[in-house]
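Colleague: Could you take me through the interfaces in this model? I would like to begin with the chains and then turn to the domains.

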Protein chains: 2
Amino acid sequence: MASVAFLGLGVMGYPMAGHLRNKGGHDVTVYNRTRAKAEQWVAQHGGSVANTPTEAADGKDFVFSCVGNDDDLRAVTIGAEGAFQSMKTGAIFIDNTTASAEVARELADKAQSGGFSFLDAPVSGGQAGAENGVLTVMVGGEQKAFEQARPVIDAFARMVGLMGPAGSGQLTKMINQICIAGLVQGLAEGIHFGKKAGLDIEKVIEVISKGAAGSWQMENRHKTMNAGKYDFGFAVDWMRKDLGICLAEADRNGAKLPVTALVDQFYKDVQGMGGKRWDTSSLLARLEK
Amino acid sequence: MASVAFLGLGVMGYPMAGHLRNKGGHDVTVYNRTRAKAEQWVAQHGGSVANTPTEAADGKDFVFSCVGNDDDLRAVTIGAEGAFQSMKTGAIFIDNTTASAEVARELADKAQSGGFSFLDAPVSGGQAGAENGVLTVMVGGEQKAFEQARPVIDAFARMVGLMGPAGSGQLTKMINQICIAGLVQGLAEGIHFGKKAGLDIEKVIEVISKGAAGSWQMENRHKTMNAGKYDFGFAVDWMRKDLGICLAEADRNGAKLPVTALVDQFYKDVQGMGGKRWDTSSLLARLEK
């Protein structure tokens, strides 16, 4: 049993912290910007509420964060009441936010100077993956810190991989989102075409889904897409945040992402249709409008 | 055992006709525009060579075709020496060409007038699927003819589905190709980005391939894409033919296919790079050029 802090109890962080307590058996201190959520978590799981990230991290072996974006991440780490002020020597900070590779490298440097470790460890698997403790965790950082943190991370993960030095977890998550953008648009165009052609979409997917057109998205989203159901899953607003990170990084590393950039614009259309919180598969709704 | 004719012994038709003979145990007469290929087939498998489609189809229970495009299909069916001139009453013509839904409907009408049946039955699974007899066959046409033809088709198929009336097999194949176009471009952008970011692509795919970004293409093409190997698989020239059919049909049924149209243009770039015969995954080569 380790002493653990968790910063950020959103739709992902709340159940992830829960698994650290229940599956991992760790002593968990939680911090959340809106304190009521942290109190609700403690009422449900036990542990303690901290008033600030500095207070939460104080004396802990492992400090996790899962917040909104680069700015939020900087606030809970190197901000005025940030966790980095109280991290103990040899402790490990594990950030599960999807953020830029740059902020990951910056925080890894600062952590090293402070005598502790930082791992960028964004996740995929969505809210359902967080709730069921079966997330995929893509980690960037030092091998030694990774090996120490891995058994703790395992409490909410099905797959945990060390991808390379600081920032590599974020870069891997970006590849994941880039692949999804093109894939979901292709699937949306296929289903849109099939509906216009008057075909039975269920029958079509049954026949083609095991072959060269098959994908997780086809398997798991065709029914809801065909039914026009988008009030669940991974929200368009978050996908746009992630694609923005991908496109900015591509400007730095020189990768060309024409379809990713186009699909990002399509998601802007979906936001304009009132679909900010719709699942990413709502690209079909845009084609149908 | 049925009497069968097969018209068109290309990379797909040659092994498909072989399975009708060897797995199906049928008596097969073959016709090919370049006669030498038909003679080679008969030397290998037995059966007979016909000089024309009319001669091949004469008296047969089932006549298959697998040719290049709509024009080739019209030539072997309703052309001067076409099979429709000699189809016997109650016989079934099964076309495995990827062609337009229009030509399928036209030929189904003509067949009905002539007292026989026509099924549009394009396949997916590529050359390897044809050679191993594990193709997916998407069929359009009448239920009764489908049921009669199905046990014969099974000789080269793993999955055979009746998708609806005449043309529905072709429309289903179009959905398959539309899904693949966006998907492969997304995958190419993801791998391109990963290489530019200096990541270990094998490790990345290992971690992300079971999740929301996962696909048949990711599983089966990432190694060759990462190695820049494209001299195999489903050729860009054929993909462009198929996407042309999709885009023309979309103009008729009103479906919007922005990424499919864009990826078709990208394949034009690949053709210009000397990649006419490269696998569809060569979209990565275009990004890297």
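This is a predicted model: local features need pLDDT of at least 70, side-chain atom pairs count only at pLDDT 80 or more; totals for chains, interfaces and linings use all residues.

Colleague: How many residues of chain B are in contact with chain A?

Modeller: On chain B, 58 residues are in contact (heavy atoms within 4.5 Å) with 58 residues of chain A.

Colleague: And what area is buried between chain B and chain A?

Modeller: The buried area is about 4,900 Å², and carbon and sulfur atoms give 71% of it. Buried area here is the accessible area, taken with a 1.4 Å probe, that two parts lose on being put together, summed over both.

Colleague: Which three residues supply more of the area that chain B buries than any other three?

Modeller: They are B:I175, B:F193 and B:V207, which supply 14% of the area that chain B buries against chain A.

Colleague: How many salt bridges and polar contacts are there between the chains?

Modeller: The count of salt bridges (a side-chain nitrogen of Lys or Arg within 4 Å of a carboxyl oxygen of Asp or Glu) between chain B and chain A is zero. Twelve residue pairs, both residues at pLDDT 80 or more, are in polar contact across that interface. A polar contact is a pair of N or O atoms within 3.5 Å; within protein, one must be able to donate a hydrogen and the other to accept it, and residues adjacent in sequence count only if both atoms are side-chain atoms.

Colleague: Which element gives the largest share of the side of chain B that touches chain A?

Modeller: That is α8(B), with 20 residues. The residues of that side of chain B divide into 31 nonpolar, 18 polar and nine charged.

Colleague: Turning to chain A, what are its domains?

Modeller: The domain assignment, which is automatic or from a database, gives domain 1 (3-164) and domain 2 (171-288). Their C-alpha centres lie 29 Å apart. The contact takes 13 residues from domain 1 of chain A and eleven residues from domain 2 of chain A.

Colleague: What do those two domains bury between them?

Modeller: Domain 1 and domain 2 of chain A bury about 990 Å², 60% of it on carbon and sulfur atoms.

Colleague: Which residue forms a salt bridge with A:E102?

Modeller: A:R252 does, with the closest N and O atoms 3.1 Å apart.

Conventions. Residues are numbered from 1 along each chain as its sequence is written. Chains are lettered from A and ligands numbered from 1 in the order in which they are written. Side-chain values use heavy atoms; hydrogens and water are left out. Helices (H or I, at least four residues) and strands (E, at least two) are DSSP runs, numbered from the N terminus. Ala, Val, Leu, Ile, Met, Phe, Trp, Tyr, Cys and Pro count as nonpolar, Asp, Glu, Lys and Arg as charged, and the others, Gly among them, as polar.
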